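Here are my notes for a colleague opening this model for the first time. Please keep the structure in view while reading the numbered points.

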Amino acid sequence: MKIGKGSASGRFKIQLSSPENTRLSRLAWESLSEEESDLFTFEVQNESVNELEKPDLLVTISDQTDQPPRTISSNLRQVHWILPSGEREPELTDEIRLFLKEMVQTFRSPTTGNAPLQDQSWSQYYQEKNTAWDLGEPSPPFVRLFQKGEMNKGRLAIPGAGKGHEVLYFAREGFDVTAIDFTGEAIQILKERLSEAALSAHLAQADFLDLPSRYEESFDAILEQTCYCAIEPIRRADYVRSAHRLLRPGGELFALFYDIENIDGPPFGTTVQEIRSRFSSHFLLNVLEPCATSHPRRTDKEWLARFRKKNQ
């Protein structure tokens, strides 16, 4: 069943597997504006995933909090909506509206429109020495938080660790640090830097959005500055669920978010309203404010956030 105003002309095929939420799926897709009608063809499918013709994006919908296993080719984008089922009248929530915006942002980008970002994409950045995101030092807002006594020593996860300036800084200050990065080149650089500095940290070459179960509730805090903006916007709900899953009860997420306009991405920008909407289901917001201590290259571009894990 094709739905949406752009069903005849869309360049990307979106399929939804939603036996319990077909009406809500249709309502969501029909809410897209006319200006996106050239981009997507939508189909609602009640069959199992294995029976679906390969789309550009597969959206599964259920009321389960655990994501379904990713058993499909890595070349296929797959996301999971967690929505209430039942007999009540379906309605568009702020989260659905936000996801539709993130989906458009992902497929409009020249960088991510035609293929998902993969390990080789990031490897190429390192091979070409195209690491413009690297500041060459620990991010000043995080250093400032620690110096003010607002970060307690404990088990700290740093996703998208890159060359590891924060990893070395917090390892030196006595934290038990786990550095997570998608790319082998980054992990190798970090391994060498730790050895040269006679410091230790746990290194994981892995997808932060899909870490093994052994990491669940393992960390007192997560430090975020270059991972959330680097992933495709349609994976941001996955990011929030993963961060919540990895933190211990009462654990904190310290984050820097980029309020920038960048249609290419990465980095992909966001807004304060989007941050609130995206994280509120899993975290309590303690701080969300313009960052006053940003590195000069990021002045007036960052929002500093502190979230505490909700116990659900």
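**Notes on the model**

1. Helix α7 passes helix α8 in a right-handed crossing. A crossing is right-handed if the near helix is turned clockwise from the far one by less than a right angle, and left-handed if anticlockwise. R236, A237, Y239 and V240 in α7 meet E274, R278 and F279 in α8. Contact here means heavy atoms within 4.5 Å. By class, this contact of α7 with α8 holds four nonpolar, no polar and three charged residues. Ala, Val, Leu, Ile, Met, Phe, Trp, Tyr, Cys and Pro count as nonpolar, Asp, Glu, Lys and Arg as charged, and the others, Gly among them, as polar.

2. Next, the geometry of that pair. α7 covers residues 236–246 and α8 residues 272–279; their axes come within 10 Å and cross at roughly 55°. Axes are lines fitted to C-alpha atoms, for helices over the stretch in contact, and angles run from 0 to 180 degrees between N-to-C directions. α7 and α8 are therefore oblique to each other. On this scale, angles under 35 degrees count as roughly parallel, over 145 as roughly antiparallel, 65 to 115 as roughly perpendicular and the rest as oblique.

3. A word on the source. This is a predicted model, where local features need pLDDT of at least 70 and side-chain atom pairs count only at pLDDT 80 or more, while totals for chains, interfaces and linings use all residues. Residues are numbered from 1 along each chain as its sequence is written, and side-chain values use heavy atoms, with hydrogens and water left out.

4. Now the whole chain. The chain has eight helices and twelve strands. Helices (H or I, at least four residues) and strands (E, at least two) are DSSP runs, numbered from the N terminus. Of the 312 residues of the chain, 52% count as buried. Buried means under 20% relative accessible area, exposed over 50%, and partly exposed in between (1.4 Å probe, protein chains only). Among contacts between residues at least 6 apart in sequence, 71% join residues at least 24 apart.

5. In what order do the strands of the open sheet of seven run? The order is β8-β7-β6-β9-β10-β12-β11, with mixed pairing. Two strands pair if DSSP finds at least two bridges between them. β8 (202–205) and β11 stand at the edges with a single partner strand each, so one side of each has no neighbour in the sheet. From one strand to the next, the twist averages 15°.

6. Take the β8 end. Strand β7 (residues 176–181) is joined to β8 by four bridges, and the two run parallel. D181 stands opposite Q205 in β8. Helix α6 (residues 184–196) packs on the sheet, touching β7 and β8, and its direction makes about 165° with that of β8. R155 has D176 as its bridge partner in β7. Five of the six residues of β7 are buried.

7. Then the β11 end. Strand β12 (residues 302–309) has seven of its eight residues buried, so it is largely enclosed by the rest of the structure. Seven bridges join β12 to strand β10 (residues 247–258), antiparallel. Seven bridges also join β12 to strand β11 (residues 283–290), again antiparallel. Y258 has E302 as its bridge partner in β12, and E289 has L304.

8. Helix α5 (residues 165–172) deserves a look. Seven of its eight residues are buried, so α5 is largely enclosed by the rest of the structure. These buried residues pack against α4, β6, β7, α6 and β9 (219–224). α5 and α6 pack at an angle of about 30°, with their axes 10 Å apart. H165, V167 and L168 in α5 meet L190, R193 and L194 in α6. Just after α5, G174 takes a positive phi of about 100°.

9. Last, R144 in helix α4 (residues 140–147). Is R144 buried, partly exposed or exposed? R144 counts as partly exposed, at 44% relative accessibility. The C-alpha atoms of R144 and S294 are separated by 10.0 Å, although the two are 150 residues apart along the chain.
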